[in-house]
Amino acid sequence: MARRSHRHVVLATFTLLLWAALGAQAVTVNRTGDAVAVKAPGFTFIKGEPLSRLKDGRSVRVDLDLAVLPKAGAAGVAQAKQTFVLSYDLWEERFAVTLVGTPSGTPSRSAAYLTSAAAEAWCLEQLTVAVSALGPLGKDVPFWIRLEYRILDGDPPPAANSGGGYTLQGLIDTMSRRRKAQDLSHVIEAGPFRLKQ
Amino acid sequence: MLLCRAGMRTLHRALPVFISALLLMSPRPALGQQTDPPDGTPVTSAQVSGLELTRLSPGLQEEIGKIAGAPLDRAKLRELAARIEGELPRYVAAVRVTPDPAGGARVVIVVARMRDPEHQANINVKYNVEEIKIKGVPDSAITAELRAEMDAMKGKPFEPEQADRLEARLRAIFPDYDVSRRTMKGDQTGLVTIDFVLTRSESSRWLQFEPNKSHAFYHTDQGWGAFFDMPIGSDNVRVSPLVAWDTTEDSIEEISGLGLRFEARKIGSDRFGASLEWSWYEPSWRSSTVAAAALNPGVGLYDTRTTFTPMVSFAATRHLRLSGGVGITELEPLETFLSFPNSSMANVAIGSIGYSLRHKDRKHGDDPRHDFEAALTVRSGMEGLESDFIYTRSIGQAEYRFEAGGHQLLVSGMAGVINGDAPLFERFSLGDAHTLRGWDKYDISPIGGNNVAYGSVEYRYSALAMFVDAGSVWDHDAQRKFRISTGVGVHAGPFFMTVGVPLNTDNLRAVFTIGLRFSGLGFSKY
């Protein structure tokens with residue numbers, strides 16, 4: 001009896017962990033009028049070096065790229081790309097985002113007093129692909145989504161071995177730089193999705 | 001009067017600044033006193049406001065110079081303003097014409113820089129600047145002009161672009177320093193303080209610390225070995241505990257032991273430095289070394305080696321370094337080895353001249369980088385120092401590294417000669433994880449040699465490497481044989497793996513090394 005209850009605990013824990021892991025990476029696709037938008041709570045870019053930069057009162061520019069693919073790993077058939085400027089309100093301790101590069105004459109869109117998750121979600125909301133641009137993929141055909149971010153600003157990393165070679169501190173720095181480099185761009189793919197008519 | 005071009009709609013953020021500048025530059029006369037001078041009116045004076053003329057092309061400067069004295073031509077002036085905007089895309093230009101009391105016309109071309117919309121997107125622009133601090137340099141180094149610039153920012157809204165300009169100025173004024181900036185909450189609600197932190201860059205130092213030689217690796221023929229050099233300290237002073245475990249790097253000995261190195265690279269001045277190193281090593285001897293030493297009575301094996309090396313250094317220039325000192329070494333004899341009945345001293349006077357050129361002025365991480373380092377070191381055992389070994393060991397070494405994008409080229413070479421009878425730790429060797437990769441030093445010369453000549457060329461692309469090593473180590477009275485090896489490798493941070501193959505031999509075999517190496521450019525100086 002005890003062995004069975006242990007099994008249940010292990011199974012429940014495993015299911016919870018699996019659910020949490022999958023949930024963190026979950027991507028959902030929504031159709032709003034003639035546009036396709038995505039939500040990806042696990043697609044975080046306000047972290048690591050860019051986050052330190054923001055907390056130092058600097059702004060950070062990030063490019064977000066959304067592509068709709070006919071299958072995993074394929075070239076995109078439709079794409080949306082936007083550039084955002086993030087900043088961190090030093091007194092409110094909340095994030096602000098401005099969509100830059102909007103066509104001349106149109107007011108730039110922005111949002112403030114956001115948590116990091118809300119700021120990331122707001123950026124994704126601005127990234128939509130017209131259903132008409134999807135072609136056959138917009139007609140109940142499975143498709144995939146590729147999301148990419150690239151942090152465009154950042155202090156250049158110090159030149160490797162600029163001093164007396166690698167030291168233990170150098171090793172830590174080297175590993176940190178690799179971590180930082182990973183923080184500066186990331187791509188995820190998710191699917192398949194279908195748009196119901 | 002403002003020039004209106006379609007593109008200027010996007011410049012709406014600049015307009016308040018721009019209009020203010022116009023108003024400041026052109027005092028408005030009382031109503032009814034002024035009429036716009038018609039085209040054709042002689043221009044008595046012309047000036048450009050808000051911009052150094054030298055920032056414009058010579059042709060445009062010449063055109064602007066011709067305005068005064070010529071008849072007023074508004075179309076031409078608008079064209080010149082458009083050309084200024086064309087040459088300086090981040091600026092807007094407008095023309096203001098006012099009547100001259102003598103009946104002529106005065107022309108002012110007002111130029112203003114647009115605010116960067118991305119900087120405006122920083123939400124902290126709503127806060128006023130409470131304080132600006134520059135840390136890392138003495139107050140006396142901050143010029144009155146710089147201080148005035150800082151004061152001008154205080155009490156006003158935080159402008160990231162202005163802070164960027166100040167940061168750029170600090171970089172220009174203090175080229176030997178790395179500048180970082182941090183904006184923080186001020187003491188009062190709604191205010192922010194800006195800290196600029198200046199730290200002395202390593203490349204600007206007159207004297208460099210001893211290069212780190214830490215490594216831990218496996219070699220097919222020589223087994224596992226490790227050496228750790230763990231510096232602890234500040235910018236100018238550091239202490240490095242040294243730990244060796246069965247390492248054969250750069251020596252015929254396979255040593256284990258401990259050491260401690262103290263270094264100071266600023267004694268009164270950036271040009272003077274000193275170091276003090278104590279080490280105690282217990283060598284293990286390969287059977288081939290024992291056999292070769294038995295046949296060569298001039299080469300004795302020892303049980304332990306204890307060395308004390310005080311040195312002083314002087315930097316003649318930022319690139320040229322002179323060092324001198326002594327090395328006091330006591331060798332305890334092996335009990336089973338009869339050639340050393342008592343401990344013996346190998347005391348040397350050391351002189352070294354080093355040259356280094358490091359490419360420190362790269363603006364971007366992608367810019368090509370050149371590094372060059374060379375050194376000539378002479379160690380001389382003499383009776384005056386009560387040395388039991390009388391010899392002179394001279395070695396010249398040079399390394400060059402070129403980096404561009406993911407490509408790296410490393411070229412290194414050395415040549416050395418020993419005159420007299422030197423102890424085994426001073427004898428040259430080739431054929432390990434660092435030199436003549438593919439050969440085994442204990443096959444080439446198990447007791448080393450008193451001459452060496454060596455060269456290596458290595459090309460790396462990203463993490464992949466291919467190399468060709470060539471060299472020879474020999475004794476004065478022996479025949480010299482030149483050996484060549486080639487191979488490929490992988491280098492990722494401190495991790496490395498190489499496969500080297502000796503070329504000019506019948507015994508074609510691969511020598512594999514894998515491990516960690518924390519050393520960069522530069523060789524042990526003494």
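Helix H5(B) crosses H6(B) in a left-handed manner, a crossing being left-handed if the near helix is turned anticlockwise from the far one by less than a right angle, and right-handed if clockwise. The model is predicted: local features need pLDDT of at least 70, side-chain atom pairs count only at pLDDT 80 or more, and totals for chains, interfaces and linings use all residues. Residues are numbered from 1 along each chain as its sequence is written, while chains are lettered from A and ligands numbered from 1 in the order in which they are written.

**Helix packing in chain B**

- The packing angle of H5(B) and H6(B) is about 165°, and their axes are 11 Å apart; axes are lines fitted to C-alpha atoms, for helices over the stretch in contact, and angles run from 0 to 180 degrees between N-to-C directions.
- H5(B) is therefore roughly antiparallel to H6(B), the term for angles over 145 degrees.
- H5(B) contributes Leu146(B), Glu149(B), Met150(B) and Met153(B) to the contact, and H6(B) contributes Gln162(B), Leu166(B), Arg169(B) and Ile173(B).
- By class, the residues of this contact of H5(B) with H6(B) are 5 nonpolar, 1 polar and 2 charged (Ala, Val, Leu, Ile, Met, Phe, Trp, Tyr, Cys and Pro count as nonpolar, Asp, Glu, Lys and Arg as charged, and the others, Gly among them, as polar).

**The loop between H5 and H6**

- Gly155(B) is located in the loop that links helix H5 (144–153) and helix H6 (160–173) of chain B; helices (H or I, at least four residues) and strands (E, at least two) are DSSP runs, numbered from the N terminus.
- Gly155(B) is exposed, with 10 other C-beta atoms within 10 Å (exposed means 12 or fewer such atoms, buried 20 or more, with C-beta atoms placed from the backbone).
- Leaving aside residues up to four places away in sequence, Gly155(B) touches Asn128(B) and Val129(B); contact requires C-beta atoms, placed from the backbone, within 7 Å.

**Strand pairing in chain B**

- Strand E1 (residues 43–49) and strand E3 (residues 105–113) of chain B run parallel and are joined by 6 bridges (strands pair if DSSP finds at least two bridges between them).
- Val43(B) has Ala105(B) as its bridge partner in E3(B).
- Strand E2 (residues 91–99) of chain B runs antiparallel to E3(B), with 9 bridges, and Val95(B) stands opposite Ile109(B).
- A hairpin is formed by E2(B) and E3(B) with 5 residues between them, and Gly103(B) in the turn has a positive phi of about 100°.

**Chain A overall**

- Chain A contains 4 helices and 9 strands.
- Of its 197 residues, 28% count as buried.

Conventions. Contact = placed C-beta atoms within 7 Å. Parallel < 35°, antiparallel > 145°, perpendicular 65-115°, else oblique.
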